[in-house]
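Here are a few notes to read with the model open beside you.

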Amino acid sequence: DSICEAYDKDKSDYFNFIQFLNAIRNVSNTRGSQIESFKDQMKAPGQNYILLSTLLGSADMNYHPEAIKFVKSVPDLKKEYELYWEKIAKDGMISEDSFRQFLYDVSTCITKDEDFIQIIKALGYK
């Protein structure tokens, strides 16, 4: 009842599950700053989007924690990320918000800060 009260703003007895998950997602200030810095690094000056080709070209999945631990292969990781980015890209561009939301989602799934930073480094963060 308390969840519906907080998230069912129009009192329809329904709420958007994705909006709910986004609302309870917690990204630390450190990770939030890293995500913003990475976003600014990836986008062209004065633009509010990231070129898909830039993002794909900067990724090196050899440094991804799952590749290092032999959980997934480098080609599988690359394909996984490519498929997601291609799905959210419009005309070869990924909006700042979509980029940010993607990394917030990744952050939510990663417990260790070291693993999170290693993931974004594998994606091209410097």
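Predicted model: local features only at pLDDT ≥ 70, side-chain atom pairs only at ≥ 80, totals over all residues.

1. How much space lies in the largest pocket? It's about 320 Å³. The lining has 16 residues in total, and those nearest the centre are His64, Glu66, Tyr81, Val106 and Ile110.

2. As for where the lining comes from, four helices each supply at least two residues: H5 (65-68), H6 (74-88), H7 (96-109) and H8 (113-122).

3. On confidence, the protein averages a pLDDT of 88, with 92% of the residues scoring at least 70. Among the elements, H5 has the highest mean pLDDT, at 96, while helix H2 (residues 17-24) has the lowest, at 65.

4. Now have a look at Arg31, which sits in helix H3 (residues 29-42). Is Arg31 buried or exposed? Its relative accessibility is 5%, so Arg31 counts as buried, the cut-off being under 20%.

5. What does the Arg31 side chain have for polar partners? One of its polar atoms lies 2.9 Å from the backbone oxygen of Ser107, and a polar atom of the Arg31 side chain is also 3.2 Å from the backbone oxygen of Thr111.

6. Leaving aside residues up to four places away in sequence, Arg31 touches Ser107, Ile110, Thr111, Lys112, Asp113 and Phe116. One of these, Ile110, is also among the residues nearest the centre of the largest pocket.

How values were computed:
Residues numbered from 1 in each chain as written. Heavy atoms only, no water. 1 Å grid on protein atoms, 1.4 Å probe; cavity = no way out; pocket = protein on both sides within 12 Å on 5 of 7 lines; lining within 4 Å. Points joined across faces, edges and corners; volume = space filled by probe spheres on them. Buried < 20%, exposed > 50% of the residue type's maximum accessible area, 1.4 Å probe, protein only. Polar contact = N/O pair within 3.5 Å; in protein donor to acceptor, adjacent residues only side chain to side chain. Contact = heavy atoms within 4.5 Å. pLDDT = per-residue confidence, 0-100.
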